[in-house]
2 protein chains.
Amino acid sequence: MGVATALVRSSFLVNAVYAESSREHGLTPQQGQLLCVLMPRPYGMSELGGVLGLAKSSLTGLVDRSAQRGLVRREPDPEDARAVRVALTSEGARLAKEFYAETTRRVESLAENLDETDRRVLSALLARVVFDNRVPVVFMDFGAVPPAQS
Amino acid sequence: MGVATALVRSSFLVNAVYAESSREHGLTPQQGQLLCVLMPRPYGMSELGGVLGLAKSSLTGLVDRSAQRGLVRREPDPEDARAVRVALTSEGARLAKEFYAETTRRVESLAENLDETDRRVLSALLARVVFDNRVPVVFMDFGAVPPAQS
DNA sequence: GCTAGAAAGTTCGTGCCGCGAACCGGCGGT
DNA sequence: ACCGCCGGTTCGCGGCACGAACTTTCTAGC
């Protein structure tokens, strides 16, 4: 199988899993992604647009809906009266943590038939691709590899 | 980087590339995907739902819009008066071929910094994941590796 | 200081997407 | 001949993403 085909199909798979996990947590995939991005710290709207690859107006809507559900909050930026800092509410932080953990678990399980070595190799190669192509931090890397204290 | 993080981020990347390629061909990503699936042969609506992972009603809409743009056609199934076979129009087939080729090229180029060996390993590992998880044929594998007459 | 313009966000209108519920007509077993 | 299943469509809903136009605030240049 060509590398393009492999990448496209695996993306399809990961998306499906991500979407299902979102749905089961009462989130849309976009909201799930927003929560994950906000986990480490608050972001400005434009900054979020850059990370998520969305237009400003798209962000307004996404943050509106997420705020309406009590997941995030718009705080005024103390340094710039125009700007806004989008932060998780405590409820949002709770859900984000849960969603992140469960999604990580499920995506990991997609590679459960690979042995430890293969998983490491796969991670390393994908990490290289991700790095080379300057992919923004759309999914954290916390305890991601709480790993093997080999 | 954990395997989950690597998979999620690379998916994000591939999606972005896929979406951009679609847009530049005047397609939505869903329409592009539909065209790619239909390249080898016509499909029934339910069958398409299975492959794309969509509800019946979602398919109706997608096929409607694609048909309106002259990309696909609904043909009656000669064996079953209820059923329908969705097929590419000649225009649709032309665009599909173009879109497929360009998208393959771009996705491949995401791994351009990997040497031939690494690319092969990456393909093999992803193919394994895709196979183990029964991912439907959402992206063909034609001349996928027409490559290098080294 | 003042003003021209850039930057941060919002609003608005449009089209696409995905879903479930309800529905219709053909198919098939009994 | 009937009744249940199956393939598809319709409808109404909410979410998503965009560009264009607009408001307010910041900042450069003079």
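Mentor: Let us start with A:Arg134, which is found in the segment after helix 6 (116–132) of chain A. Please keep in mind throughout that this is a predicted model.

Trainee: What makes A:Arg134 exposed?

Mentor: The relative accessible area of A:Arg134 is 66%, and exposed means over 50%, so A:Arg134 is exposed. A:Arg134 also has a positive phi of about 50°, although it is not a glycine.

Trainee: What is the phi of B:Arg134, and why is B:Arg134 called exposed?

Mentor: B:Arg134, in the segment after helix 6 (116–132) of chain B, has a positive phi of about 50° and is not a glycine either. Its relative accessible area is 66%, and with the cut-off for exposed set at over 50%, B:Arg134 counts as exposed.

Trainee: How do you know which relation superposes chain A on chain B?

Mentor: A rotation of 180° with 0.0 Å of shift along its axis superposes chain A on chain B, with an RMSD of 0.0 Å, and that is the relation of a two-fold axis. The same surface serves both copies, since 100% of the contact residues of chain A recur in chain B. Of the residues of chain A, A:Ser11 comes closest to the rotation axis, with its C-alpha at 2.2 Å.

Trainee: Why is B:Glu102 called buried?

Mentor: Buried means under 20% relative accessible area, and at 18% B:Glu102 therefore counts as buried. B:Glu102 is found in helix 5 (residues 90–109) of chain B, and, leaving aside neighbours within four places in sequence, B:Glu102 is in contact with B:Ser21 and B:His25.

Trainee: How do you know whether A:Leu71 is buried or exposed?

Mentor: A:Leu71 has a relative accessible area of 3%, and buried means under 20%, so A:Leu71 is buried. A:Leu71 lies in the loop between helix 4 and strand 2 of chain A, where, residues up to four places away in sequence not being counted, the residues that A:Leu71 touches include A:Leu27, A:Leu35, A:Ser66 and A:Leu95.

Trainee: Why is helix 2 of chain A described as largely enclosed by the rest of the structure?

Mentor: Helix 2 (residues 29–38) of chain A has ten residues, and eight of them are buried, so helix 2 is largely enclosed by the rest of the structure. Among the buried residues in helix 2 of chain A are A:Gln31, A:Leu35 and A:Cys36.

Trainee: What makes helix 3 and helix 4 of chain B roughly perpendicular to each other?

Mentor: Helix 3 (residues 45–52) of chain B and helix 4 of chain B pack at an angle of about 105°, with their axes 9 Å apart. Angles of 65 to 115 degrees count as roughly perpendicular, and the two helices are therefore roughly perpendicular to each other. By class, their contact has six nonpolar, two polar and no charged residues. In helix 3 of chain B, B:Met45, B:Leu48, B:Gly49 and B:Leu52 meet B:Leu59, B:Thr60, B:Leu62 and B:Val63 in helix 4 of chain B.

Trainee: How do you know that strand 1 and strand 3 of chain A pair?

Mentor: Two strands pair if there are at least two bridges between them, and two bridges join strand 1 of chain A to strand 3 (residues 80–88) of chain A, the two running antiparallel. In strand 3, the bridge partner of A:Gly44 is A:Arg85.

Trainee: What makes strand 1 and strand 2 of chain A the edge strands?

Mentor: Three strands of chain A form an open sheet in the order 1-3-2, with antiparallel pairing. Strand 1 (43–44) and strand 2 (72–77) each pair on one side only, and these are the edge strands. Helix 4 (residues 56–68) of chain A lies across strand 2 and strand 3, running at about 120° to strand 2.

Definitions and conventions. Residues numbered from 1 in each chain as written. Chains lettered and ligands numbered in written order. Predicted model: local features only at pLDDT ≥ 70, side-chain atom pairs only at ≥ 80, totals over all residues. Heavy atoms only, no water. Least-squares fit on C-alpha atoms with pLDDT ≥ 70 in both. Contact = heavy atoms within 4.5 Å. Helix = DSSP H or I, 4+ residues; strand = E, 2+ residues; numbered from the N terminus. Axes fitted to C-alpha atoms, helices over the stretch in contact; angles between N-to-C directions. Buried < 20%, exposed > 50% of the residue type's maximum accessible area, 1.4 Å probe, protein only. Parallel < 35°, antiparallel > 145°, perpendicular 65-115°, else oblique. Nonpolar A, V, L, I, M, F, W, Y, C, P; charged D, E, K, R; others polar.
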